[in-house]
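Here is a short report on one protein model.

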Amino acid sequence: MQSLSRPASTSTRPTASPNPRPQYQVNTQTKVFDTAQGRLLCIADIRGRLSALNDLAREANASAIIHTGDFGFFEASSLDRINDRTLRHLTMYSPLIPTAQRNHLLAPENPPSTIRSTVTINLLSEFPLLLSGQIKLQVPVYTVWGACEDVIVLEKFRAGQYEIENLHVIDEATTRCLDIGGVKLRLLGLGGALVPHKMFDNGDGNATIAGGQGTMWTTALQIGELVDTAQRVYDPTETRLLVTHASPGREGIIHQLGLVLKADLTISAGLHFRYASSYNEFSVQADFEGLRHKLLVGKEAFDRVWESVKSQVDTVIDEHQRVLLDKALSVIERIPGPPNRLGAPAGQPAAEEPAWKNCWNWNLCDAAYGSLVLDIKDGRVSAELKSQGFNYAYRRTVTPSTVAATPSSETSGLPVQPSGEAATPKNAASTPLATEKPLPPHLTGSKSKPATPPPASGGSGRETPKLNGQQQQPQTQQQAQAAADKAERERAKRERKKERKQQERADREAAANANKEGGATSGTASPAQPRAEVDLTSPPPQGPKSGKATPEVSTTGGDFKAPEDGVTSPATESTGARTPTSRRPARNPWTIFMRMPNPANESEVREFFGDAKEGIIRISYPANFAGRGQKMCYIEFGDEEAMKAGLAKQGEKLNDAIPDLKQATDRESRVAENGHRGTFPGRGRGRGGFAARGFASAGLTRGGAPGRANGDAPQSSDAPKASEGS
């Protein structure tokens with residue numbers, strides 16, 4: 001085989017193919033869209049949910065779809081060729097498997113045989129339906145293959161055994177030109193994952209493509225033939241778009257391929273982020289040396305493999321393959337020179353690599369989380385990038401004690417909402433776990449909402465509501481969504497109010513107990529004064545401003561010395577002159593509040609959480625009246641992941657009834673969420689008034705009628721009991 005110093009082939013023969021066999025000749029066509037303006041929808045990882053392609057194209061008003069891999073090229077016989085590890089991966093991410101069934105299949109106690117005996121082709125891909133004509137593509141779809149596909153199915157496309165209307169597989173020998181919006185867009189594609197140590201292994205593939213056991217990867221000959229194809233169809237009037245599964249932002253070899261192909265634009269996938277990215281190398285590299293370093297790292301990885309296999313490769317390839325290998329090696333050697341390299345004309349800087357600033361790259365998130373639309377008009381290619389992204393609503397419930405432990409995006413379960421839905425904070429019990437992958441609207445049975453809601457039509461089949469005898473105008477989707485959000489906020493508000501009442505009663509009980517303990521220790525009665533509110537986040541006041549008397553504390557019995565300004569730190573156990581705070585320690589942030597219809601003891605509660613019980617560090621029950629069953633408790637977990645595993649038990653039965661689980665929050669955060677500034681949201685009547693609450697806070701009661709707690713108004717039958725505090 002040739003040495004590394006041998007000059008790589010630079011053949012630009014316009015018609016002759018290195019391999020004269022018909023199945024490897026360049027397959028090129030030009031598709032003319034009869035529009036002055038056109039939109040191309042670019043998506044990644046549809047993962048076999050092929051019926052969603054028409055909905056996505058309709059939503060984006062797209063003339064065609066470009067797909068970057070993991071299309072779902074599987075048929076019934078593919079299951080026998082997929083190994084256990086790949087089958088588990090496909091089960092984990094298939095949008096065709098219901099969440100409950102997926103969780104059951106992926107349970108740690110289930111062996112691989114359980115998945116293999118349960119999963120059928122209908123749960124992995126709708127490709128057989130597309131092949132049989134039960135699903136028809138309404139717009140042209142141009143795709144490369146991804147990392148998880150059946151190479152045997154792709155070989156049938158390449159051999160002409162399979163052909164589907166409007167489906168075009170772009171590979172190293174197949175290219176398409178789209179004449180749309182005043183631009184001739186040349187599509188060049190490279191499928192498969194980039195795995196350097198497999199670049200000379202074909203697996204079950206023939207000739208230039210490779211794969212096996214349900215996966216596919218890129219080969220050196222595949223890269224070489226793509227270069228040959230691009231050279232033979234080169235037209236300077238065209239705009240070149242390179243479509244790959246691997247990202248040129250991560251893989252130096254893919255970026256080198258773009259340089260050799262003179263790509264103007266690249267679209268890739270393979271990173272599976274919740275946000276799509278748009279960049280050129282100038283925007284993400286500190287300098288040109290940063291780009292060169294990335295390319296050199298890729299070259300070194302390839303060279304290590306090439307040094308170990310080149311003698312074996314030399315004995316098995318023919319002359320046609322040798323030409324393709326030369327072209328692949330020319331890609332590996334394509335390293336732009338440094339900006340200050342020698343050889344430039346005297347007094348002039350070295351020429352800058354055009355792709356450094358002019359080649360634009362998009363890396364797409366999975367089709368479930370976003371897409372890219374290229375809007376082409378009058379020769380200008382505009383981009384509309386849409387990503388579902390992260391949901392930060394959980395931070396609305398973060399308490400001061402947990403600010404320092406804000407979960408990172410790598411460990412926190414990020415709830416997924418349908419595109420266009422407002423991020424409305426909900427209580428933590430409704431937060432999906434990170435292991436679940438909720439489907440967006442277009443991957444469920446319902447239609448997905450367009451970015452701009454269409455005018456409401458009267459064809460929904462529902463009766464239009466009437467108000468005061470007059471027929472109302474039908475609501476738009478935005479209005480319906482707003483109404484649903486408002487109802488959800490009202491429900492959450494009522495829930496917070498109920499929890500706040502319970503917390504306030506528990507605070508009064510704690511204050512009464514603390515007062516009794518303090519009185520027994522000092523031997524003197526403290527004056528009954530309303531408890532002044534202390535804001536721990538603001539600087540200490542220089543003097544009383546509320547007009548209320550501050551409780552006086554005797555300093556003659558100890559070594560305590562009051563500071564000159566009369567104000568001390570609000571420490572819980574101090575005897576300073578400032579109003580004392582609650583003696584309760586800060587709540588563990590990873591605590592679940594559990595309300596049970598039927599009483600349950602601690603061991604029954606632990607068994608209810610199943611595998612999640614390993615993360616439980618403490619179970620506590622609120623103070624109860626004598627004879628009352630234990631129907632509420634707090635379960636503390638060691639970390640956030642353990643708590644989320646516990647929350648996943650919502651909906652399961654305990655003692656023949658379904659308990660209610662939610663993340664416990666401190667009183668201050670609930671009050672802040674409800675929009676009240678003071679400790680109590682109401683004023684005066686109905687709750688005993690400020691005076692009654694002041695006495696209650698000091699541990700004193702004031703002539704409450706039977707059935708009232710500390711002078712509070714009578715409790716309704718559905719109100720929380722006094723024992724149901726925090």
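Helices (H or I, at least four residues) and strands (E, at least two) are DSSP runs, numbered from the N terminus. Glu238 sits in the loop between α7 (220-232) and β10 (239-244). The model is predicted: local features need pLDDT of at least 70, side-chain atom pairs count only at pLDDT 80 or more, and totals for chains, interfaces and linings use all residues. Residues are numbered from 1 along each chain as its sequence is written, and side-chain values use heavy atoms, with hydrogens and water left out.

Glu238 has a relative accessible area of 9%. That makes Glu238 buried (under 20% relative accessible area, 1.4 Å probe, protein chains only). Its side chain makes a polar contact with the side chain of Arg186 at 3.0 Å (a pair of N or O atoms within 3.5 Å; within protein, one must be able to donate a hydrogen and the other to accept it, and residues adjacent in sequence count only if both atoms are side-chain atoms). The C-alpha atoms of Glu238 and Arg186 are 6.3 Å apart, across 52 residues of sequence.

## Whole protein

The protein has 17 helices and 21 strands. Of its 726 residues, 44% are buried. Among contacts (heavy atoms within 4.5 Å) between residues at least 6 apart in sequence, 73% join residues at least 24 apart.

Which residues line the second largest cavity? They are Arg47, Asp70, Phe71, Gly72, Phe74, Leu90, Tyr93, Ser94, Leu124 and Cys148. A cavity is a set of points on a 1 Å grid over the protein atoms alone where a 1.4 Å probe fits but cannot get out; lining residues have an atom within 4 Å of a point.

Notes
On a 1 Å grid over the protein atoms alone, a cavity is a set of points where a 1.4 Å probe fits but cannot get out, and a pocket is an open set with protein on both sides within 12 Å along at least five of seven lines; lining residues have an atom within 4 Å of a point. Buried means under 20% relative accessible area, exposed over 50%, partly exposed in between (1.4 Å probe, protein chains only).
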